Structures are given as C-alpha cells and as structure tokens.
Amino acid sequence: MTHANLHRCLAWVLALFACGARPSGTCAADVAEEARQFEVAKARAIRNAVAAIAPSMVTIETVGGAQPVRQGMRGPVEESFRVADGPTTGLLLSNDGLILASSFNFARDPSIITVRLSDGRRFVATLLARDQIRRLALLRIEAENLSAARWVPAGEIQVGQYSIACGHGLGASQPFASLGIVSAVGRRNGIAIQTDAKTSPINYGGPLIDLDGRVLGLIVPIAGAGGGALAGVGWYDSGIGFAIPRDRVDDVLSRLRKGENIEPGKIGVVLAPLEEDPLDEMFRDLFPSTRGVRIAALARPSPAERAELQAGDIILELEGRPISDVAELQRKLSDRAAGEKIVLKVKRRWRTLDVAVLLAAPKDIGPFDTPEEEEEAGADDAELPPGDDDSNQPTTQPEGD
Amino acid sequence: MQRRRTIAACATCLMSVAAATMPLRAAPGVRTDSVAPLIGGAADCVVKLYGTAAGREHGYGTGVLVSSDGRIVTTLSLLVNLRGVRVVLPDGRRFEGRLERIDERRQLALVKIEAEGLPFLAPVPATDLAGGDTVMALGNWFKIAEGNEPVSVCKGVFSVRTPLEARRLAQDFDYIGDVLIYDALTANPGAAGGPLLDARGRFVGLVGKVIESVSTNTRINYAIPSEEVIAFLGGEAAEPPREPAAPVDPSRKPYVGVKLAKLGYRHVSAYVERVRPGSPAAEAGIRVDDLIIAIDGRRIADADEYDAEVARLLPGQVVPFTLKRGAEIVNVEVKVGVAP
C-alpha cells in the first residue's frame, strides 16, 4: 500500500468520524437544521421501505360470517372484543397467487373473501387453511405475475434493528405504517419475533418490514399459549407486537397449501404437580433433575391412551429436556400442533420409559376418566396460578393438555 | 509494512463501525440525538384544561394558544361549555376560560382567557405532510402535568391523510373531512386538543378525541388537520357533508332495477335475486345470483348497505359496480335510471 492510499484511507475515517463529533460551538439554528435533516432522512427511509413492499400487500375484504363464539363462561377476556368489518391486510407469498394473512382476519368465518391488489384489481380468494398456533391463514387467488414479497432470512434478524409494521386496515389510499424496532427474536417457543412498532387489526396479516422493504415477519396477534380466535388483540398498540418469520412460516407452509388446518396438539391428560411426599423430596434432593409432572387422568380416546400412558405416570422429560412443573410442560407444548409426534420420558414405578405420542386436536379427544378421590385433588392443582404468563390459556378446563 | 497493514485494517474496521452506527442511512454530518430543537418553545404554547367530568367524558384536556391575547383552540367536548373551563398556563397561572365559539362539523372550540403577551402557535396547513414523516404530539395525557409543569411530548410517524368512519362512546363521530393518521399513542384521556407538530416544529394538526374506527373496532391515533383549524379561526363555515343529500326532486329517485335476496330481518349479503328486464342493471349485464360487493369502490356488506348506497346515487350517473359471479370478479358500469 502506498502512502497516498493510506492517507486517503485515513481521510475517509476522519470524514466519517466528523459526522458524530461536531464542534460544540454550533449555533441553535444549525442544531435544529441538523435534527430536522435527520428526521427528513428517516422519513425518506420509511417511505422507500413502504413503497418497496406496497406492491406485495393486498387488501382483504370479507362478506358474511358471525362474531366468534366465546368459549364457555371462563373464556379469555379478549373474546369480548368484537371483530370489525375490516378491511384487513394480506401479503403476496408467491407470484402465482398464494397470499399469507392472519387467521384473526377470518375469525368471523366469512362466506366470501375478496382480495384487492395494489393495482386495484379484485379477485375472489379461497381460504386454504389456518394455523391456530402461529395465527396464520393461507389464501389463494387465481392470478399470475404478481409481486411476491422479499423476506429477510430468519437468521439475519437482529434485536434492535428498525422495523415497520404495515397494514391496510383503515382502508385508506396509503398503508398505515408504524416505526419501531425488533424487540426480541424466538418468542413464544421460537415461533415469533417481537416488535415495539404498533400492531393492531389495522396491520394483522400485514408485513413487518426492514428498511429495505424486506419482510421480517407476518404480523399476527399472539398473547399467551392457545387462546381463542381473538387472543392477543387485547395487546393492540401496546408496544408488544408479534410477527412470524419466514422459517416458521415454512415449517407449516406445505401443510397449509394442502388445506390442512393446524390446531393445537394435545396429549389428552390431566396434569398435576408431584405430591409433596417426604420420600419424593428426599429423592429430589439427591437427584435434582428428576422433578416432573404427574398424569392424574387420561382421556379416552386420546393420544395418551394410544401411547399406553397410565394415570400415575410421571413425565420427566419432553424431547430430552427435563420438565420441572406443569406450567413449563404446558408452555413447551403450546406451540405443538395436532399430527406432530413428541417423545416423553416417563417414570412408572421404578422404570423409566420413552413414549412417543402423536398429538391430536382437542376435538378428537374424548372425555376424561374420572380420577380417583386423591387424584381429583391433583387435577385441580393442575390449574396455573393466576398471573402466569400463560394465564389466558383455559387451564381451568381439564383438557388443558 | 506491518504497521501500515495494521493501520489499514484499523481504518477499514473503523469505517464499518461508523457506517453501522449511522442510523437510518442519514446523510453524513447529521446529529441524531434529540428532537428537542424541533419542538422548540411549542410546549410554552400548550395549556391544560380542567372542568367537571361528565359521564364517560374526562374532566380534563389540552388546548393550544393561537394568539398573544389568550385565544385557545381545542377539540369540542363537554369540558368546554358555557359554564367556562379552567385554564392553566405552562407557567402555572390560572384563568377562567370563556367559550367563544364552537364548530360541530370540525369538532373544534375556541376559548378566550383575559391575558396579554402570551406565546402562541400559528397553525400551518398539513398539506405537504407525507407518509413516513416525523410528527410530535403534545398533551395533558392522564393529567400528569400539574401546575407549572409543561405537558408531555411524544413522537411518531405520520402515515396517511384519510376520511375516517368512527364511533365515539357508541355514537357516530360527527367530524367530516380528512384526519391525519400516525402511530404515536394519543388516543388517551386528556390528549385531545393538543398540537401535532411536523419535523419543522410547525403546528400542523390538533389531536382529536378518543374514537374507535368502524373498520377495526380499535382506538385510532389521529389529528384534525390544521387547515380546518385555520378555517375555523377565520370564521369560515364548515364544508357541507361530502355525501350529497338525497336527490332534491323526490320524483326522481335513483333506480338500478335489481331485487336482492332477503331473509326476514337478518342482514344478508347483497345477492341478486331478480333483475328487471330493460332496467339499468339488465343493460349493464348484472345477472341473477351475482353478489354485489362494491359500488363505486365502496364495499357493500349487506342488503341494507346496498339500499343506502343506491339511495345516494343520482339518476344519469354512470357508476361502477363490482360483482362476484361464481369465482370471478366482474366489473360493470350501471347508468343509474329514474324509478318508474
């Protein structure tokens, strides 16, 4: 390297450093102008990003349908939210008419769904399937040469990077766009990223984008594990918003394309904490990892029954990871779908067994055995304490898992 | 040579650090640590309003000084009424405000206090506000500011200027005209009546009351554009409703010529049950079993909305109808006729 090159290099460094360090004697007008210039540059960056994603955003309009029914008297409070008329937002996933949106947008089970592209063309859309865990919905329109959105590979998403939550829910000429940052990645058992950009029915189903207009994730309402069709909407505009990144969409895309709805998968057992038996406690002191969760009762038919689990079995591990209490097991199971297989390590008397369980949807699980006197108390204990972060899971129902 | 290479490596390294820390690709030479210089003295021009709470209306709000002799513009609410309103200036001085004028269509009110030599904000039209622009809102949210404490400031991003169909406490929100939509959280008690500032610190809008959008059932953060404030202060009458009233001549009722399927009193989708031969609908090619989903781009959710939309049309007008026919979307143009 010549001296000339080196000097040029250093001049560059100095020039760049000068950006941050201005002489302190600058007058107020200059400071105001600089602050304004920054806001102007930021506004331009937002506009460019939104303009880049706009052709991939669609407006969803629905006709017909009813308000979702609140499940039982003790259903989550979010279900008192009344779903409005829309419109809502969707995102072009492919150039040939696949559209990704949020299942929230179809909570009313509309009889007719139409989609308006950014160029104004309208199409009748078919709802292929919904994912009740990720709160996604996949639609198809008969169209070609569309502008599929570009996504950010999930591994590149960084906490702290700018994010913009876009949506058509106001029905205005321009999308609503809220600026924030990525607050966390790997939320809700790894299915979602979190943002402090404002998310609400205005942009559920819309894209959370970076400053290049690439999609970080699809905006969905998620609150706790499980919950009804409207869970999570109570957190709208709170600064706690969620979006599903591309790899978590891809996990279920082929099933959704085939028209398979994805429902929470259950084992079909009533869970109870271990009794505080002096012997148990002594055992636990000796082997700290051997805590677990007791199966108080089984449903029939149920995946548990088919896997030959028994009342009284103690679940020690899920997928090789130790389970310390009911809440932990429920949380770890909350994003598992019906049709998925899980492996439990179970202690039965003096033996430990590995049991593979094929999870089933709640509707495919029968009534529970009436637990014996002492086990009934255990079933009640299965309720999570109030204030747990999964509190809107209907844990008071014995079919919790 | 070794030393040179180290320096070069350092230089590259520093350059990439500098590039990475330059937020949002701002132009070089830009300070990014504060919007304080943009807010300037705006907070000195924002007053706190107090009155009696009535029903679900909170007994406090915000106002903007718009003249040095104590004129204050705020949003229309039960807080400002003929009994007067208590006004607290940013310096802690208290005044009895007298209601000078209201405008229901613009949802604005003008209050006067007896004072001189006050700082004030002049409203500036919001016409050049574009999506992505920085906005800042000032207000007495949750009446946190007390006595001589200045009001609170928040910052957000402006999205769009749009008409808004909304409700306020289960009633329709009467404001006509466009609102400014942004993502700063101003849908809070006490925020209404505060100024919305743009990136130049100009007073481009007045934060509105808490309302719920009909299309989302959620609270909307919005402001009334300053053009309306300017017109209100200038004494201009509000524009008439944008929707034309029903045709003046009652003998010339708009006519399309379709009969929709109706099931008792239930709200049902606008399915065409019959098309009168020779009617505008028949001419346009509307068929039995078509579903009317939009008229002139406006969504038709059910038969009642269809009736209401058709009643607004004018005979002779050519209006695009959007139909769903099987799995197809069909657009037709209907030349509205006169009811026989």
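What is the mean pLDDT of chain A, and what share of its residues reach 70 or more? The mean is 82, and 78% of the residues of chain A reach 70 or more; pLDDT is the predictor's confidence in each residue, from 0 to 100. Welcome to a predicted model, in which local features need pLDDT of at least 70 and side-chain atom pairs count only at pLDDT 80 or more, while totals for chains, interfaces and linings use all residues. Residues are numbered from 1 along each chain as its sequence is written, and chains are lettered from A and ligands numbered from 1 in the order in which they are written.

**Confidence**

- The model as a whole scores ipTM 0.79 and pTM 0.81.
- In chain A, pLDDT stays under 50 over residues 1–23, a stretch with 21 contacts beyond four places in sequence; two residues are in contact if their C-beta atoms, placed from the backbone, lie within 7 Å.
- Residues 373–400 of chain A also stay under 50, and the model has 62 contacts beyond four places in sequence for them.
- Chain B has a mean pLDDT of 84, with 85% of its residues at 70 or more.
- Within chain B, helix 1 (residues 2–21) has the lowest confidence, at a mean of 40, and strand 12 (residues 195–197) has the highest, at 98.
- The pLDDT is below 50 over residues 1–27 of chain B, a stretch with 30 contacts beyond near neighbours in sequence.

**Chain A: overall make-up and one hairpin**

- Chain A contains eight helices and 18 strands; helices (H or I, at least four residues) and strands (E, at least two) are DSSP runs, numbered from the N terminus.
- Among contacts in chain A with a separation of 6 or more, 72% are between residues 24 or more positions apart.
- Strand 6 (residues 136–140) of chain A is mostly covered, with four of its five residues buried.
- Strand 6 of chain A pairs with strand 3 (residues 98–102) of chain A in the antiparallel sense over five bridges; strands pair if DSSP finds at least two bridges between them.
- Strand 5 (residues 122–131) of chain A is also joined to strand 6 of chain A by five bridges, again antiparallel.
- Two of the bridge partners in strand 6 of chain A are A:L136, which partners A:S102, and A:L138, which partners A:A129.
- Strands 5 and 6 of chain A form a hairpin with four residues between them, and A:R135 in the turn has a positive phi of about 65 degrees.

**Chain B: domains**

- Chain B is assigned domain 1 (39–112), domain 2 (134–233) and domain 3 (254–338), with bounds from an automatic or database domain assignment.
- Between domains 1 and 2 of chain B, 29 residues of domain 1 are in contact with 33 residues of domain 2.
- Strand 2 of chain B gives the most to the side of domain 1 that touches domain 2, with five residues.

**Chain B: helix 3**

- The buried residues of helix 3 (residues 226–233) of chain B are B:S226, B:E228, B:V229 and B:F232.
- Seen down the axis of helix 3 of chain B, these buried residues fall within an arc of 155 degrees, so they line one face of the helix; the arc is that of the directions from the helix axis to the C-beta atoms.
- Just after helix 3 of chain B, B:G235 takes a positive phi of about 80 degrees.

Note on methods:
Buried ≥ 20, exposed ≤ 12 C-beta atoms within 10 Å, placed from the backbone.
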